[in-house]
Amino acid sequence: MTSSSSLDRFPDELIRHILLYVSPEDNVLNIQPVSRRFYYIANEPLLWRYLCRNSFTFWSPEHCFFTKLSDPRPTTIEWKKLWLRRKRQNHLISRLLDEILTTRYHQLKNLQRICHFGYDAKDFLLEQCHVDESHDDVLARRYYANSALDSIHRGMAVEIWSKCYETGTDPYSGLDRALGAFDLFVLHDQPQDLEYILSTLDTLAQRFMLEHPEHKIMSTRQKALALNRWLRAQNLMGMENETVNYHNLRNCLLGHALSDDEHPSLPIISSAIFASVAERLGMSSACCAFPSHVHASVKAPPGMTLDGDVEEDPKAEPETMYLNPYKWDGEVTLDELRRALVELGWTQGSEVFLRASPVPIIVLRTAANIKAATSRIQNLADRSGEPIEVEAKRLRAGHPDINVEAAKYASMWAELMVKPVSSVHWDHNLETFLHSFAMSWGEDAWIVRKYLLPMYEQFVASQPHVRNRAGWENVREILNMLDNLDRREAVVTRRYTQEMQERVRYRIGQVFRHKRYGWIGIINGWAAGSAGLPVPHYLDGYEDEVQSPTTSPRSSGDRLHSEGQLRPQLARVFYTCMSSKRPRIDRLRVAQNSIEIITDPNLIPESLKFLAGKYFKRFDRKTCTFVSNIKESYPDD
């Protein structure tokens with residue numbers, strides 16, 4: 001008797017149960033062709049609903065997947081078609097990633113194609129982020145998977161901020177999402193994404209209601225005070241040892257405050273947590289951008305007082321109470337706030353600080369806090385490795401120095417997205433942003449093109465006086481520059497002669513210490529004469545051995561070199577490198593006589609090893625060198 005005829009004797013219910021343990025691929029290739037009966041059982045919608053749910057964790061919003069899961073008529077949804085679509089997408093994403101790892105031609109374009117899949121790409125990318133060390137291209141695969149995933153997260157954040165001034169949007173709603181967007185810039189492969197933040201706030205509201213069954217009969221004032229006391233008792237407000245820890249980067253991030261064991265937060269984040277939970281409990285709550293210390297406010301319901309009485313004057317402004325969740329359990333009186341404003345020197349126009357602040361104002365305030373935190377970290381550079389410096393930039397995941405740069409980048413995005421384009425100062429930080437974007441975050445070109453470019457063109461069209469905007473002032477020019485670089489065929493540099501081999505002493509992938517400044521670098525380019533170096537590359541502001549006639553605007557000492565802009569210097573050999581001192585600048589120029597090769601792998605910072613994946617396949621500990629992934633440009637190395 002054949003196996004199929006034996007299975008024919010099984011009831012449908014048992015076969016359905018067995019199919020739950022059969023891979024979807026085996027279902028399609030090996031089960032469905034067996035017989036007509038098996039074909040129908042293996043295609044039942046509820047089975048493919050189960051397979052969709054268990055095969056993929058993350059879904060782009062366009063699918064409305066979790067809404068479909070709760071649909072009372074699940075058999076009307078084409079679950080198998082949905083599963084096949086995701087499977088085909090993963091095949092395409094895999095092919096695009098392989099192309100990225102194979103050639104630098106159209107690398108940026110392929111990376112952006114992956115990003116356009118959004119959360120549909122996340123399951124596959126997470127697998128690649130954790131690919132086994134045995135893979136031949138482990139560093140490159142992890143790096144580019146992380147780059148795509150980080151860019152997808154940043155795209156989600158920018159989309160949230162882009163809606164702050166949409167027509168019809170309540171300027172006081174969505175505070176939790178708008179502040180949670182900052183976390184997405186440093187999320188990496190961790191689970192604490194925006195859904196985590198929202199669900200955590202939902203859970204806090206549910207726990208409060210369970211522990212306070214009398215909340216339904218409380219007045220608004222009683223409920224607000226009870227909530228504030230409860231949140232503070234859960235250690236969700238403020239921080240320990242604020243004299244030392246106040247300006248730590250993680251204190252600026254809503255998701256970190258909710259997920260960290262100690263839940264440290266600045267006053268603005270403490271107030272945002274209170275307001276977000278209060279809103280879920282039916283209260284009208286918001287943050288007040290009080291000078292130096294953000295407070296939370298709660299308004300009485302329409303027609304009522306805060307104490308639950310009927311408002312005598314129906315035309316009166318709703319009664320408002322204030323709280324300082326960061327410091328106190330109790331209420332802060334209006335007189336106390338007004339006295340504080342006088343002490344701060346605000347004698348006129350101070351009433352604006354006592355009103356609920358729109359979400360964009362709180363986003364800008366948070367961006368300013370992040371900038372202050374990153375500036376402090378830069379000032380602590382001479383205390384590298386000391387506890388105060390380590391704690392200042394410690395987050396739950398990722399490499400600290402890269403996280404600092406990402407947080408600063410987030411603050412620049414937020415400033416551009418939540419300021420109205422009609423503001424005359426909208427482009428105040430545009431040059432700084434475009435320089436940072438082009439140098440370090442080119443994979444975000446799809447985000448810039450989708451969200452920033454329309455705003456930029458609207459801003460330019462609204463200006464009363466037309467002027468020529470070029471270079472770092474022009475969003476479209478920078479995007480075109482990146483596209484042109486991405487379309488360029490690789491320039492092949494070879495060691496043709498014995499003289500060349502003798503003059504160029506070092507090879508791609510060798511690790512060195514800078515003789516003068518002590519930082520660690522990895523060689524990723526070379527030329528006999530700096531004009532032959534890969535472009536673009538950068539001359540660090542501390543490197544005084546070589547001068548350049550071309551300086552990019554407001555680049556803080558980074559001089560961007562382009563073809564044809566340098567005088568030939570044939571007598572000297574130069575290299576480009578990745579540097580531990582400037583981790584997001586991946587082609588820093590260095591002279592040959594500044595290089596001291598090292599052979600101890602333990603001297604290489606972990607962040608530099610991670611970023612090395614942009615140019616290298618893997619690390620060889622025996623030789624303390626990185627295996628090149630840029631053979632198309634340097635075939636002899």
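Trainee: What is the relative accessible area of Ile 18?

Mentor: The value for Ile 18 is 36%, which makes this residue partly exposed. The cut-offs are simple: buried means under 20% relative accessible area, exposed means over 50%, and partly exposed is in between, using a 1.4 Å probe and protein chains only. Before we go on, this is a predicted model, where local features need pLDDT of at least 70 and side-chain atom pairs count only at pLDDT 80 or more, while totals for chains, interfaces and linings use all residues. Residues are numbered from 1 along each chain as its sequence is written, and side-chain values use heavy atoms, with hydrogens and water left out.

Trainee: OK, what about the whole chain? How many helices and strands are there?

Mentor: The protein chain has 25 helices and 13 strands. Its C-alpha trace spans about 95 × 90 × 50 Å along the principal axes. Of the 637 residues, 52% count as buried. The chain exposes about 30,200 Å², and carbon and sulfur atoms supply 51% of that.

Trainee: How do I check the span of a helix, say H20?

Mentor: Take 1.5 Å times one less than the number of residues. Helix H20 (residues 400–418) has 19 residues and should span 27 Å; its end C-alpha atoms are 27 Å apart, so the two agree. H20 is also mostly covered, with 15 of its 19 residues buried.

Trainee: And what does His 153 touch?

Mentor: Contact means heavy atoms within 4.5 Å. Leaving aside residues up to four places away in sequence, His 153 touches Tyr 119, Lys 122, Leu 184, Leu 187 and His 188. His 153 is found in helix H10, residues 138–162, and is buried, with a relative accessible area of 0%.

Trainee: Now salt bridges. How many does a search of the whole structure find?

Mentor: Start with the idea: side chains of opposite charge can pair when their charged atoms come close. Here a salt bridge is a side-chain nitrogen of Lys or Arg within 4 Å of a carboxyl oxygen of Asp or Glu. The search finds 38 of them. One joins Arg 85 to Glu 62, with the closest N and O atoms 2.7 Å apart. That pair links distant parts of the chain: Arg 85 is in helix H7 (residues 79–102) and Glu 62 in the loop between helix H5 (45–55) and helix H6 (65–69), 23 residues apart.

Trainee: Are Glu 443 and Arg 154 buried or exposed?

Mentor: Both are buried. Their side chains meet in a salt bridge (3.3 Å, N to O). Glu 443 lies in the loop between helix H21 (430–440) and helix H22 (445–462), and Arg 154 in helix H10, so this pair ties together parts 289 residues apart in sequence.

Trainee: Last topic: strands. In what order do the four strands of the open sheet come?

Mentor: Strands of a sheet pair through backbone hydrogen bonds, either parallel or antiparallel. To count as a pair, two strands need at least two bridges found by DSSP. The open sheet has the order S1-S2-S3-S4, with antiparallel pairing. Strand S1 (284–288) and strand S4 (331–332) stand at the edges, each with a single partner strand, so one side of each has no neighbour in the sheet. Strand S2 (residues 295–299) is joined to strand S3 (residues 320–323) by four bridges, and Ser 297 stands opposite Tyr 322 in S3.

Trainee: Which strands form a hairpin?

Mentor: S5 and S6 do, with five residues between them, and Gly 518 in the turn has a positive phi of about 85°. Strand S5 (residues 511–514) runs antiparallel to strand S6 (residues 520–528), joined by three bridges. Val 511 has Ile 522 in S6 as its bridge partner. S5 also pairs in the antiparallel sense with strand S11 (residues 595–597), over three bridges.

How values were computed: Helix = DSSP H or I, 4+ residues; strand = E, 2+ residues; numbered from the N terminus. Areas by Shrake-Rupley, 256 points an atom, 1.4 Å probe, with all protein chains shown as cover.
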